[in-house]
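The notes below walk through some of them.

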Amino acid sequence: MTGKELRRRRREQMIEENGVIYLDNVSKSYSKGAPALNGVTLSIGKGEFVFIVGDSGSGKSTLIKLLLRELTATSGNVYVMGNDLTRLRHSQIPKFRRNLGVVFQDFRLLNDRNVYENVAFAQRIVETPGKVIRRNVPAILATVGLAGKYKAKTTQLSGGEQQRVALARALVNNPSILLADEPTGNLDPKNSWEIMKLLEEINESGTTVVVVTHNREIVNAMRKRVVTMKKGVIVNDEEGGEYLDED
Amino acid sequence: MKISSLFYTIRQGFANIFRNKWYSLASIATISACLFLFGLFYAIVANFQHIVKTAEEGVSVVVFFHYEGDGKDGADCGPHVIPSEQRLEEIGQLIAARAEVSEVKFISDDEAWKKFTEDYYGDSYDPAGFPENPLTGMDSYEVYLSDVSMQSALVTWLESIPEVRMVRYSELTANTLSGVNLLIAYVSLGIIVILLAVSIFLISNTVAIGISVRATEINIMKYIGATDFFVRAPFVLEGMIIGLLGAALPLWIIYSIYNYALSYVIERFTVLSGFLNFLSVDDIFRILTPVSLVVGVGIGFLGSFSTVRKHLQV
């Protein structure tokens, strides 16, 4: 068995035993103040839909950054798709991130390019052949309800539409995990619900979805697994849970 | 990297220039302004140096030899060793072999007299007034120097030759020219270094600001899973194209101005062209073109490369 094969098996075994996302007693401290995460252990299985909720400063954003390998843990281990992120070299990060789809509150679209280009861009990065891109992009735009707007500049779209473009971009490479950081933070209730409905559909097709949110109404209505964080620790983790009150 | 990705990168490099046209224009303008000043100064300094060098090359040392009957007027002519024709030729070869000598001309006594009469009498010269050549026996060598600062060393050496009766030279001219040359060299080197340093600072800052504005774009690419090379390549290409355009524009302007100024001076001030020898456009651009292009493209490359690197740590 080759080294590559061995590593692949180890990753599969890790996913089987601990899920696609596994934080093992993870702490993260910045230079000043209390640790942003303090001994967090969390396991998210393949195909799960998980809300991560908590007030500002609870450690949600740090958690997302650790999962994206934007930050490294001060102690403990972070595993995503069986990869030990604490051991990942800088040159391995791009390939690792291609397993993830990411959606941000501020959409983070390339505003000087049109809708099609924004989505196609994600495929170009992974060197998908042009023919395949021309087939995939319209299909994914149709999935998020933007089939007719592929030529529009992103600045001409509403907030909801921009988030759909971001969602299409995150999904076009068929990621195993979708991380959404406050995806409805800049949207009105109607658009928020539409985005959440899309996320639910994506999850139903097998993608693991992790949503960091403040939106109490959505969390309580969707009845998914809810991980509540406070001051860097997980205070509640409940399947079909609710957004807990502050105290 | 796949061929399609390579073409995509190249396309993006060009497209970025148009997408960020104001930044591109500002960068090209900054690079052009810096390299224009640099080029203009270089053209002026190179001409100064050339004029001084030409003047240096015109400075000659004249060597006279002992002859039958010299010292009759009571002048102290040292030991009286009269050179044979063969020895005269040999001395000529020895002088020509010296490193600081660029040219040696033998002037026979008859040639010397002919030149004298032409210079002082012109057409009114009457050979009857001088039945004999008054300069008989005064054969000489006119020695031209490639490095005028070596004149005094050459003169000392010439004076040590027993056959040499007298060496005529102007110490003041040599010292002045050599001093001016040195001054121009130091001042121009100093100014060129300062201009280049300012250019590098301004250009790399412009490139850095232009890229920093697009830090979000780089950020997005990194989150999606782009490799550092994939992110960096279009920016670096963009920086190099901007550097190239920024360098080419002032070259073209200086070429036109210089060409025009040169023909204007030659046509309108013909008297100047008699003693001021300007460099041709080709002479100037033989150095200026590669230097400007290397500075423009090089700074475009290095500026964009290092600035993008700062934003890649995501």
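## A hairpin in chain A

Strand 9 of chain A and strand 10 (residues 233-238) of chain A run antiparallel and share five bridges. Strands are DSSP runs of E with at least two residues, helices are runs of H or I with at least four, and both are numbered from the N terminus. Two strands count as paired if DSSP finds at least two bridges between them. Across this pair, A:Lys230 has A:Val233 in strand 10 of chain A as its bridge partner. Two residues lie between the strands of the hairpin, and A:Lys231 adopts a positive phi near 50 degrees there.

Strand 9 (residues 225-230) of chain A also pairs with strand 3 (residues 49-54) of chain A, in the parallel sense over five bridges. Here A:Val50 is partnered by A:Arg225 of strand 9 of chain A.

This is a predicted model, in which local features need pLDDT of at least 70 and side-chain atom pairs count only at pLDDT 80 or more, while totals for chains, interfaces and linings use all residues. Residues are numbered from 1 along each chain as its sequence is written, with chains lettered from A and ligands numbered from 1 in the order in which they are written.

## The sheet in chain B

Chain B holds an open sheet of four strands in the order 2-3-1-4, with antiparallel pairing. Strand 2 (101-107) and strand 4 (164-168) of chain B form the edges, each pairing on one side only.

Strand 1 (residues 60-65) of chain B meets strand 4 of chain B over four antiparallel bridges. Along them, B:Val63 stands opposite B:Val167 in strand 4 of chain B.
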